[in-house]
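This report describes a pair of protein chains and the contact between them. Please keep the sequence and the 3D structure in view while reading.

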Amino acid sequence: MAELLLQALYSGVLQGGSYALIALGLALVFGAMKVINLAHGELVLMAAYVAYTAESMLGWHPLAAVILALPATCLAAAAMHWTVSRIRADREINSLLLTFGFSVVLANGFLLLWRADVHSTASAWLQDALVLGPLYSMHSEALSFVISLALLAAVWWWLAHSWQGRALRAVAANRDAAMLMGIPPARTELLSFLLAGALAAFAGVALYCYGVIQPAYGGALTVKAFIITVLAGLGSIPGVLAAAILLGVCEALTVTLASSALQELTGMVLFLLVLFVLPNGLFGAARRRA
Amino acid sequence: MTALRNHYAAAAALAAVLVCLLAWGGNPYVMSITIAALMTGGVALAWALLGNLGGMVSFGHAAFVGTGAYVSALCTLRLGAPVPAGILLGALGAALSATVMLPALRLRGPYFALAILAYAHIFRIVATEWTSVTRGAAGLAGIPALPVLPGLPPRASACLLAALLVLAFALAYRAIRRSHAGLALRAMHDSEDATRVLGVNSTLLKGAMLLVSAAMAGAVGAFNAHYIGFLEPDYAFGAMWVTLPIVAAIFGGYRTLAGPVIGSLAVSLADQLLFKEWLPVGHQFLLGVLLVAMILASPDGLLPLAVRALRRPRKDGGHA
């Protein structure tokens, strides 16, 4: 039993690392524009389908497909930014409905192009077992965890030290004040979308490498990303990682101790619990959302 | 003034349904897609009531549709309740199930929208896993059928009943909007804080709107369960109970009374007759495109756009 639990913890941590990458994109856009991009999960899935196409039709290694996935997701993210920034009235409600529309468009676009079949990578190396003492994982899981950590660290450094990163944080904190300091908010918001698209490209390719994809999966990814954003509270990348790992571990423990049918339930219950009990998230600064 | 126009529009919609009924009452295909459009209209009205009066976007109305469907189906199947009582109980059950969502009312905007979505997921998982009551993914079959109005073919009768249900929703919506509560809710739309200062319990009012909206969606779900005769969790709590009504309500204009109903008839029929012809797989693609286009071009829907165009003749040729 102890071994099973340890294995569940390990798998959960690895899974959490991948979730963090998905959630960070959502959180960046939410921070900069106060817009929840309900199509973010579909952006991730788009990259995964690009990886599938590159592998099955071009014979590429799925990891190499990041080169193709990056322009695709960034272009889609830029299109989303362009439309969201055109909303004039009732921005809060209309941006939700708009991105919901995008998620419907993309999910059904995947269905049109790739049908409802479930796909996963054919690469044997990615699916081979990686043994670390008593713990098992696939190569792909460990690899995507490492890539996630590296990207999270890179974005963290970029937000803290680069001019653009500081500008992004400034716009997130106070748009008007940032404008007064000479930061063009529209360009910064576009940057947040592009960054979210780029992170989604990596997250999607990783998702294809370690898991299975199907057109309807994007909604679940968006919800998981939002749960993590809420758990983390706004404005902290280590918080996002910790919340993502918490979600991953809770899901893995549910699968081990109860049943895989209840996996989704865990996240939802965790989410509602945090919304009602700790409205500022586990790691966030004090901020009103009610 | 607007209320009066809406009144006429609702009457016109009902008249249109009656005309269809007389002309194609014997055609089961036309009847069945009209019934589906009316169901969508019912959920769209419920969604628009919460959005317009309560100021809240919900992506979780599938929870109420599914709960209403299951409560009614189980009451009639297991307890032998008559179908009309079952539908009433379904509406009540959906409202009761919405009470667990009341804590979400202190959340705003995206937080509320996604909390409701989380509840809907939980409801679906519970319906799937609680097999001793719902029979899980195997589904419930043999749900008692709707009563047939004398002198009409079964589908035409169901169509008329659905139209009456939607009309009842529209009248209830109008009554709420005209009441003191409706006035307070409209004031809350402009400034919730100012309205609270005047002594209005805004949370109570929003909660009431959530329950009313849930009851409406539950009644539609219950009605649909008896019309279809079969239920399974993925259908009863399916995402299409959210997508289609939202697109329809936005298309028609969710801040008006007739908008969601007219929008539902237009969008639902277009989806069935045209979109499915063009794209047998993934025809909701076009619904998504429509939603994006509407939010960009006219977030208040086509009805206000049409009214504006009629008021300013010759400006853009009355095209809406």
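## Overall dimensions

The radius of gyration is taken over C-alpha atoms, and the globule rule that goes with it is 2.2 Å times the number of residues to the power 0.38. For chain A, with 290 residues, a compact globule would have a radius of gyration near 19 Å, and the value of 19 Å for chain A agrees. The C-alpha atoms of chain A fill a box of roughly 55 × 45 × 35 Å along the principal axes.

Chain B has 320 residues, for which the globule rule gives 20 Å; its radius of gyration is 19 Å, close to that value, so chain B is as compact as a globular protein of that length. The C-alpha trace of chain B spans about 55 × 50 × 40 Å along its principal axes.

## Basis of the model

This is a predicted model, in which local features need pLDDT of at least 70 and side-chain atom pairs count only at pLDDT 80 or more, while totals for chains, interfaces and linings use all residues. Residues are numbered from 1 along each chain as its sequence is written, chains are lettered from A in the order in which they are written, and side-chain values use heavy atoms, with hydrogens and water left out.

## Secondary structure

Helices (H or I, at least four residues) and strands (E, at least two) are DSSP runs, numbered from the N terminus. Chain A comes to 12 helices and 2 strands, whereas chain B comes to 15 helices and 2 strands.

In chain A, strand E1 (residues 129-132) and strand E2 (residues 135-138) run antiparallel and are joined by 4 bridges; strands pair if DSSP finds at least two bridges between them. A:Leu130 stands opposite A:Ser137 in E2(A). The hairpin has 2 residues between its strands, and A:Gly133 takes a positive phi near 60° there.

## The interface

The contact (heavy atoms within 4.5 Å) takes 41 residues from chain B and 39 residues from chain A. The two chains bury about 3800 Å² between them, 79% of it on carbon and sulfur atoms. Buried area is the accessible area (1.4 Å probe) that two parts lose on being put together, summed over both. In chain B, B:Arg106, B:Tyr111 and B:Leu114 lose the most area to chain A, together 18% of what that side buries.

Between the chains there are 2 salt bridges, each a side-chain nitrogen of Lys or Arg within 4 Å of a carboxyl oxygen of Asp or Glu. One of them joins B:Arg255 to A:Asp90, with the closest N and O atoms 3.7 Å apart.
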